[in-house]
Amino acid sequence: MKQYLPRQLTELVKAISEQAAGQGQRVYLVGGIVRDMLLGYPNFDIDLVVEGNAVKLAQQVAVTSQAGLLVHRRFGTAKLRYDNFTLDLATARKETYARPGVLPTVTPGTLKDDLFRRDFSINAMAISLASNDYGELIDPYNGGSDLERGVIRIMHPDSFNDDATRILRGVCYEQRFGFGFEAETGRVLERDITILDTISGDRIRHELEHIFEEERPELVIKRLGELGVLHAINPSLKSNGWIFEKFDKARSLKKPTQLLSLYFCLLIYAFSEKDLEQFLTRLNMPAKLSRAMRDTLGIQDRLPLLEKLSLKPSEIYYLLQDYQLLAIRANAIASESATIRRHLQLFLAKLRYVRTSLDGEELERLGISTGPEMGKVLRILHKAKLDGEVKTRADEESLVLSLKAGDFPNDPESPWG
Ligand code: ATP
Ligand code: MG
């Protein structure tokens, strides 16, 4: 543990443990960090379980170590925020599920109870931080041996029935670590796929986002496809070679801003509008991303127009100006036509930034009256600038003067109707 954690963190968790002892409580490191420590993978997402009262402990630690404090009293959890990291503290608890899909009833419990409520044995290990057995691994459910054998195993046969998001989480770990499901777990998983119907849209979406944070989410998507999980979420969801190629391309872009959202747009690229609406409703997708996903399909209707070789820059601009950038990026990755990709790239890299040099005030000085006339002149200038017909401020001024002389071309707004 000393080699794994940065010194600053080791000292902090030690200090927390001492304060816990002062309050008659015990503290443990749990979950992903224990698993990753044994695997030798970096992970500084620190989860602590407190046998006793995590909120009380966190309140004291926040004062002594000058941390920001966020408390969820109802869940008995607290978050301590430091400059470069956060620590999560949770009161050890026992969970019982009344029905599939609903949130569990929670009561205080022992560490062992708390480990038993977890998703998989490899996530159900703890490390003691108490002074008498500091650093000792606590592994009542043989997670260590599963980790060595490369096995994903649920804690009990009702696990997926209690919480079917564990199906998605399990496949995620399986693919991340190159592990396999233990035989019984695999069998129960396939049996319980329909239980996913009981899971809320927010929770399914949250797990998909978790998957999209993986290094190669397409591996997880493919496996979910093979198991029939994708079909259970939406019958049109498929994983194929196309997804592999396009996800990889999305990652290789120099600036993968919004990679997660881009994956969502690529995932539904082959959907009909109706399938998409079903999917958006099922996942309770937020408004902005919903719009980008709708635009991703909307742009596809315009691709034949964008395939013309002889398009003027302004024509490209008017075809794309009303769509979300994310949707244009998704199409630039998805389209198989070099011409279309070139046109979309031109919009993204250049056309969307084009502005006229003259503004309204300057046009007024040149004798253009505010109102519809001004709007029209600005649009004509913008179009001329997009198409390279005017370059300098002087060019724009002479164009304005020629317009005033009565030489008005058609208003370029929306030539496509
Ligand atoms: P990752 O590296 O993917 O973040 P993690 O193990 O840290 O893995 P988190 O999603 O951060 O996973 O959750 C922290 C811990 O909480 C897990 O290790 C697991 O023990 C427990 N956990 C999370 N979600 C569930 C769930 N749906 N059911 C049971 N236990 C869960
Ligand atoms: Mg984590």
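Contact here means heavy atoms within 4.5 Å.

Some housekeeping first. This is a predicted model, in which local features need pLDDT of at least 70 and side-chain atom pairs count only at pLDDT 80 or more, while totals for chains, interfaces and linings use all residues. Residues are numbered from 1 along each chain as its sequence is written, and side-chain values use heavy atoms, with hydrogens and water left out.

Gln 19 has its place in helix H1 (residues 7-22); helices are DSSP runs of H or I, at least four residues, numbered from the N terminus. At 17% relative accessibility, Gln 19 counts as buried, a label that means under 20% relative accessible area, with exposed over 50% and partly exposed in between (1.4 Å probe, protein chains only). Its C-alpha atom is separated by 7.5 Å from that of Val 61, 42 residues apart along the chain.

Asn 161, found in helix H6 (residues 159-162), is partly exposed at 24% relative accessibility. Leaving aside neighbours within four places in sequence, Asn 161 is in contact with Pro 100, Gly 101, Asp 192 and Ile 195.

Asn 234 is buried, with a relative accessible area of 2%. Not counting residues up to four places away in sequence, Asn 234 touches Phe 271, Asp 275, Gln 278 and Phe 279.

**The cores**

Phe 279 takes us to the largest nonpolar core, which has 108 residues; those with the most contacts inside it are Leu 48, Leu 87, Phe 279, Met 293 and Leu 320. Such a core is a set of buried Ala, Val, Leu, Ile, Met, Phe, Trp, Tyr and Cys residues joined through side-chain atoms within 4.5 Å. Apart from that core lies another, of 12 residues, among them Val 377, Ile 380, Leu 399 and Val 400.

**Helices around H17**

Which residues of helix H10 (residues 217-227) are buried? They are Pro 217, Glu 218, Val 220, Ile 221, Leu 224 and Leu 227. Their cover includes H12 and helix H13 (259-267), and just after H10, Gly 228 takes a positive phi of about 90°.

Axes are lines fitted to C-alpha atoms, for helices over the stretch in contact, and angles run from 0 to 180 degrees between N-to-C directions.

| Pair | Axes come within | Crossing angle |
|---|---|---|
| H12 (residues 241-252) and H17 (residues 325-334) | 9 Å | roughly 120° |
| H13 and H17 | 9 Å | roughly 60° |

That makes H12 oblique to H17, and H13 and H17 are oblique to each other too. Under 35 degrees counts as roughly parallel, over 145 as roughly antiparallel, 65 to 115 as roughly perpendicular and the rest as oblique.

On the H13 side, Ser 261, Leu 262, Cys 265 and Leu 266 make the contact with Leu 326, Arg 329, Ala 330, Ile 333 and Ala 334 of H17. In the other pair, Trp 242, Lys 246, Lys 249 and Ala 250 in H12 meet Ala 332, Ile 333 and Ala 334 in H17.

Key
Chains are lettered from A and ligands numbered from 1 in the order in which they are written. Helices (H or I, at least four residues) and strands (E, at least two) are DSSP runs, numbered from the N terminus.
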